[in-house]
Amino acid sequence: MTPSRKAPRTGSRAFAATWWGQAWVDALEASTLDAGRLSRGRTYARKGMVGAVTTTPGLLRAEVEGSAPWPYDAAVHLRVLTGAQWETLLGAIAAQAGRTAALLDGEMPADLVDDARAAGVPLLPEASELDPECSCPDWGYPCKHAAALCYATAAHLDDDPFWLFTLRGRTKDAVLAALRTRRQALTDTAPETGETARGRGVPAREAFASWNGSFTAPAREPAGSTHGEADTAPSPVTTAPPPGAPFTLDDLEALTRDTAQRARHLAAGHTASLTCAPLEDAVRLAATGIGEDWFHQLVRAAGLPPLDFALLVRALRHGGPAGVAVARAPLVPDPAAMAAARTALTDPDTANDTARTARLRAWRNRLTADDEGVQIRFGPDNRWHPYTREGRNAAWWPCAPATADPVAALVAARTAAAPR
């Protein structure tokens, strides 16, 4: 199927691919009636004029280029949650085991946000909460530099919803540690019969011996049932491995959680599988954010040089399985798709939006701007995967999430390649 040509994206949705990222943009745009400054902020963000964005509790900060020869210091403040509000929020997350798994999988559960809001805990910001600050002389509220920072932040929120938790007062590590403490407290107070809310467990050896090779998803619970997603959480592993084993109790727990999460996705109808090639599984596990020891063990098991393995991990994070395919080898794309992309990237209107006409070299599924050190690759998922040159060897590395819009992909690559 030949993709249709898209006009340059000038609306706010160019900056958010998820519903929670768009909610952030909506809060920004509802905070002011100054459409002119918002428009300039979008242009600055598209041109890659926003430097590295840092987030700390209650504060976003970045350097933003403007008309002056030096960048301005832009910041956005957001109210942090109180201790009582955090307890309520953590309780809402822990109430359903799937919520933690979803967050770790890069998804913000909509029902979590709704439940937290109903309990008086604002996770997503209201328009009145975003408090901009900038070193520029513009008295706008927000000025175009702070607006650009907000637009650029939407992409970070898309990639990692835990940014919202950091802005509200607690880092990802702190949130996960608090959830582990809650889980351990429940384990310590549970009866020692080995029974769970769903009954006595079955030894893995017996379950595997009785498996007929097929999988039937469990019937959906009727509305109002007290059972549900929370019941799918695996029971804690309590038996330590034998002395000298190449794995620890924490390793077993991590693998158990991973398997349960993948099974849950499969039961929900996702196109995932519980079986895959060893290299694919090693890359998938590494992309989940495992510890350094695990990463090195996976590199050795994969039999790849560490940098080659790390490249595939980053490709999976930015583009999913299609991103890995794009990173591993050049592909032969639909010529019409490549022609449509080159037309969009060299169109005068597009050039005005991106500040300069792209000088592109085409080879197979790759469009390369050699003089800028950026490249976009067309994948089997019909999306464009941004790349930049990195490292001493100037190798090509994926640098931003894949997108169906070649113009947005090129802008993302330029943003990543811009000097900090």
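Two strands are taken to pair if DSSP finds at least two bridges between them. In this predicted model, an open sheet of five strands meets that rule, with the order 7-8-9-10-11 and antiparallel pairing. Strand 7 (361-363) and strand 11 (395-398) stand at the edges, and each has a single partner strand, so one side of each is left without a neighbour in the sheet. From one strand to the next, the twist of this sheet averages 30°. Within it, strand 8 (residues 366-369) and strand 9 (residues 374-378) run antiparallel and are joined by four bridges, and Ala369 stands opposite Val374 in strand 9.

Two helices are placed against this five-stranded sheet. Helix 14 (residues 335-346) lies across strand 7, strand 8, strand 9 and strand 10, and runs at about 25° to strand 8. Helix 16 (residues 406-417) also packs on the sheet, where it touches strand 9 and strand 10, and its direction makes about 20° with that of strand 10.

A second open sheet is formed by four strands in the order 1-2-3-4, again with antiparallel pairing. Its edge strands are strand 1 (54-56) and strand 4 (131-134), each of which pairs on one side only, and the twist averages 20° from one strand to the next. Strands of a sheet pair through backbone hydrogen bonds, either parallel or antiparallel. Strand 1 is joined to strand 2 (residues 59-64) by three bridges, the two strands running antiparallel, and Thr56 stands opposite Leu59 in strand 2. Helix 6 (residues 144-159) packs on this sheet and touches strand 2, strand 3 (72-77) and strand 4, with a direction that makes about 60° with that of strand 3. The hairpin of strand 1 and strand 2 has two residues between the strands, and in it Gly58 takes a positive phi near 80°. On the other pairing of strand 2, that with strand 3, the antiparallel sense is kept over six bridges, and Ala62 stands opposite Ala74 in strand 3.

The packing of one pair of helices was also examined. Two packed helices are described by the angle between their axes and the distance between the axes. Helix 3 (residues 83-94) and helix 4 (residues 97-104) pack at an angle of about 95°, and their axes are 5 Å apart. Since angles of 65 to 115 degrees count as roughly perpendicular, helix 3 is therefore roughly perpendicular to helix 4. In this contact, Ala92, Ile93 and Ala94 in helix 3 meet Ala97, Arg99, Thr100 and Leu103 in helix 4. By class, the residues of the contact between helix 3 and helix 4 are five nonpolar, one polar and one charged.

Rolling a probe the size of a water molecule over the atoms shows where empty space is left. The count comes to two cavities of 30 Å³ or more, and about 40 Å³ of space lies in the second largest cavity. The lining of the second largest cavity consists of Ala315, His318, Gly319, Gly323, His385, Pro386, Tyr387, Pro398, Ala400 and Ala402. Helix 13 (306-328) and strand 10 (384-390) each supply at least two residues of this lining, and the largest share, four residues, comes from helix 13. The lining of the second largest cavity divides into six nonpolar residues, four polar residues and no charged residues.

Terms used: Residues numbered from 1 in each chain as written. Predicted model: local features only at pLDDT ≥ 70, side-chain atom pairs only at ≥ 80, totals over all residues. Heavy atoms only, no water. 1 Å grid on protein atoms, 1.4 Å probe; cavity = no way out; pocket = protein on both sides within 12 Å on 5 of 7 lines; lining within 4 Å. Points joined across faces, edges and corners; volume = space filled by probe spheres on them. Nonpolar A, V, L, I, M, F, W, Y, C, P; charged D, E, K, R; others polar. Axes fitted to C-alpha atoms, helices over the stretch in contact; angles between N-to-C directions. Contact = heavy atoms within 4.5 Å. Parallel < 35°, antiparallel > 145°, perpendicular 65-115°, else oblique.
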